[in-house]
Amino acid sequence: MPTDFDTIVNLAKKRGFVFQSSEIYGGLRSAYDYGPLGVEMLRNVKEQWWHAMVRTRGDVVGLDSAVIQSPAVWEASGHLTSFSDPLVECRNCHNRFREDKLEDLHQCPSCGKRDTFTEARQFQLMFKTNLGPIESEENVVFLRPETAQGIFTNFDNVRRTARMKLPFGIAQIGKAFRNEITPGQFVFRTREFDQMEMEFFCRPEEAEEWFHYWLDERVRWYVGLGIDAQHLRLRAHDEDELSHYAAATEDVEYLFPWGWDELEGIANRTDFDLRRHAEHSGKDLRYYDQEANERFFPYVIEPSAGANRATFALLIDAYDEETVRDETRVVLRLDKRLAPIKVAVLPLSKKPELMEVSERVAASLRPLWATEHDVTQSIGRRYRRQDEIGTPLCVTVDFDSLGDQAVTVRDRDTMEQDRVGLDALQGYLTEKLA
Ligand code: ATP
């Protein structure tokens, strides 16, 4: 059963995963700030992506390129002319919509009036600003709408310095900015977001094979982090949906509370980008194959994911409710690697002798895992809170601990408790969190 949208948004707000941006000033529409738990989880998601896409592979290296790049980049990539969405306005209520996302082309979803839309016009999605103190046409620059172009412009730098041979990939995580016409659905569509992109360069004749390889790999990544395979599907783009650079694209879609929607796009970008940058820059960006003694433009397969969307989907999929002793228990069954807090240390009461031990235990765990020392409210409510934020393990210090130098460790999923000696605690947790 897909989790109800409001339930998950309320939990995210109440527990400090996500806040409305500029909330004290009434909020900025569709901009969000990540709170103490949200930032941990978002970092964990990016870390897992980096681990899977870079660290554990011999054929992919990383990059962190600038947000503001030469406008020539966007000229060459085609973004200046083609990175736009069709915008229509309702003549009755003056709300604006993205035409390709309208359910009914004849009815305004805001006021309900029929046939009130203006002709569609192409709306440029890149944010414009000026470089330096003078505002003029000459120093207009753009905030990058995707991280990919920084990879293409550095293709030769990376290939040369990291001595990469085809096939190989360059990966990057970073902010991207799009002046979306209709942002919405909480953090699903915002105007600034984190992308996790990898450009995998290969011989043109091998592109199709690598495309299918990456489709499988990327679905496997989500499933490996706990998303129910039934809630994921691949959807191939129709001819008329394909971007100007792509020979084939499939989206990894997730069953969001409002229906199937895009988590990640995997595209065969052919040699479009390298060829265009070579033409526009005058630099030879072809790859030289020594053995065959030939020069050619590699093809590129791009898995492009949104870190915020992935985090949102992982949160939704982890949400669970069960009845325990006639009460509803809410549990975030997050993969341990993603859980914002790994261990909560809970003294049974605020008595100084217990606090002294629990503070010492928490301090010893902090260098190893994200640890919370939680001392307020009854122990039952504290367990409930930790279940709700997905903490895999709770370590309780009770009065017996003073005598037997042991603590109780409670498992989030099974609620089973083990008595563990303080000297064995680190080893026990290492095993459980492995
Ligand atoms: P859409 O058609 O929904 O606007 P897109 O197909 O243009 O999206 P891509 O250019 O393929 O999106 O971007 C790759 C990934 O970046 C998306 O799958 C998504 O996870 C993320 N992404 C794109 N736009 C946004 C946004 N406005 N907010 C959050 N994440 C986004």
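Student: How far is a nitrogen atom of the ligand from a polar backbone atom of Thr-190?

Tutor: This is a predicted model, in which local features need pLDDT of at least 70 and side-chain atom pairs pLDDT 80 or more, while totals for chains, interfaces and linings use all residues. Residues are numbered from 1 along each chain as its sequence is written, and side-chain values use heavy atoms, without hydrogens and water. For Thr-190, the distance from its polar backbone atom to the ligand nitrogen is 2.8 Å.

Student: Which strand gives the most to the shell around the ligand?

Tutor: Strands are DSSP runs (E, at least two residues), numbered from the N terminus. The shell, taken as residues with a heavy atom within 4 Å of the ligand, has 17 residues. Four residues come from the leading contributor, strand 13.

Student: Is Glu-99 buried or exposed, or in between?

Tutor: Glu-99 lies in the loop between strand 5 (96-98) and strand 6 (121-124). Buried means under 20% relative accessible area and exposed over 50%, with partly exposed in between (1.4 Å probe, protein chains only). Because its relative accessibility is 30%, Glu-99 counts as partly exposed.

Student: Which residues does Glu-99 touch, not counting those up to four places away in sequence?

Tutor: Contact means heavy atoms within 4.5 Å. With that sequence exclusion, the residues touched by Glu-99 are Pro-86, Val-88, Leu-105 and Ala-120.

Definitions and conventions
Polar contact = N/O pair within 3.5 Å; in protein donor to acceptor, adjacent residues only side chain to side chain.
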